[in-house]
Amino acid sequence: FREYLAVAHNLLLRTPPNTRVWVSTISSDSFGRTQPLVSAWTPGIHGMFTDDLDRARYEIGKAFQIKTSGIQASSIGTDIFGALWRTKATLEPSGENASKTVSKEIWIFSDMVNETKGFPMPTLVQSGSDEMLRRAKQQGFVVPLPGYIIHIYGVSMSGMTARQWTEIREFWIEYFRVAGATLVSYSPETIIDKP
């Protein structure tokens with residue numbers, strides 16, 4: 001968990017210009033109970049001057065460190081679907097700006113094992129990735145994410161067999177394809193090679 005926070009902090013310090021940033025935790029009820037840890041934006045670059053951008057990055061990183069200094073991994077479950085629905089509701093424009101097209105990237109630091117009453121992945125994984133996806137579709141858990149770019153890091157292998165880890169990975173690969181998103185990375189590593 002601490003490693004996730006450290007990687008997220010470093011990522012925030014490299015936030016691109018003209019970017020809206022929203023950082024939240026994943027809990028047992030990610031849609032209704034989580035509050036953003038950080039919500040901010042970065043200004044554009046004017047010529048070769050990056051002072052405003054550098055200051056914004058510093059402030060975002062500082063706010064994140066303050067908010068996470070005492071935070072612990074304490075949730076009894078992981079509601080990844082709820083986190084995706086909340087992120088979509090937060091990031092997608094509405095009203096008069098709804099037609100404006102902006103790129104949307106989601107960075108997830110998680111083991112990617114959804115553990116909720118409605119979708120207990122540790123139990124369902126035995127049925128295989130195809131059956132889990134069928135159930136997710138049937139229950140309305142597939143969040144429409146057309147055009148989103150998804151990055152997933154820190155996918156733990158702890159406590160899993162190779163087959164379980166592979167089935168869960170295959171589930172998410174197909175899940176994001178069906179959702180209309182582009183899954184760029186699904187890695188057990190927490191090292192991010194982003195400039």
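1. Phenylalanine 176 touches Leu84, Ile108, Leu145, Ile150, Ile152, Ala181 and Leu183, leaving out residues up to four places away in sequence, where contact means heavy atoms within 4.5 Å. This is a predicted model, in which local features need pLDDT of at least 70 and side-chain atom pairs count only at pLDDT 80 or more, while totals for chains, interfaces and linings use all residues. Residues are numbered from 1 along each chain as its sequence is written, and side-chain values use heavy atoms, with hydrogens and water left out.

2. The largest nonpolar core has 33 residues, of which Leu84, Phe171, Trp172, Tyr175 and Phe176 touch the most other members. A nonpolar core is here a set of buried Ala, Val, Leu, Ile, Met, Phe, Trp, Tyr and Cys residues joined through side-chain atoms within 4.5 Å; buried means under 20% relative accessible area, exposed over 50%, and partly exposed in between, with a 1.4 Å probe and protein chains only. At least two residues of this core come from each of helix H3 (80-91), strand E3 (105-109), helix H4 (121-124), helix H5 (129-138), strand E4 (149-153) and helix H6 (162-179), these elements being DSSP runs numbered from the N terminus (helices H or I, at least four residues; strands E, at least two). The largest share, seven residues, is supplied by H6. A second, separate core of 16 residues includes Leu5, Val7, Ala8 and Ile71.

3. The whole structure holds 15 aromatic pairs. Rings of Phe, Tyr and Trp (its six-membered ring) pair if their centres lie within 6.5 Å, and planes under 30 degrees apart count as stacked, over 60 as edge-to-face and the rest as tilted. The ring centres of phenylalanine 119 and phenylalanine 141 are 5.9 Å apart and their planes stand at 85°, so this pair is edge-to-face. The pair links distant parts of the chain, 22 residues apart, with phenylalanine 119 in the loop between E3 and H4 and phenylalanine 141 in the loop between H5 and E4; both residues are buried.

4. Phenylalanine 171 and tryptophan 172 also form an edge-to-face pair, with 4.9 Å from centre to centre and 75° between the planes. Phenylalanine 171 has a relative accessible area of 0% and is therefore buried, and tryptophan 172, at 0% relative accessibility, counts as buried. One aromatic cluster is formed by Phe81, Phe119, Phe141, Phe171, Trp172, Tyr175 and Phe176.

5. An open sheet of three strands has the order E3-E4-E5 with parallel pairing, two strands being paired if DSSP finds at least two bridges between them. E3 and E5 are the edge strands, each pairing on one side only, and the twist averages 10° from one strand to the next. Five bridges join E3 and E4 in the parallel sense, and glutamate 105 stands opposite isoleucine 149 in E4. Helix H1 (residues 2-12) lies across E3 and E4 and runs at about 155° to E3; axes are lines fitted to C-alpha atoms, for helices over the stretch in contact, and angles run from 0 to 180 degrees between N-to-C directions.

6. Serine 187 lies in strand E5 (residues 182-187) and is buried, with a relative accessible area of 16%. Apart from neighbours within four places in sequence, serine 187 is in contact with Ile152, Tyr153, Gly154 and Val155. The C-alpha atoms of serine 187 and valine 155 are separated by 5.8 Å, although the two residues are 32 residues apart along the chain.
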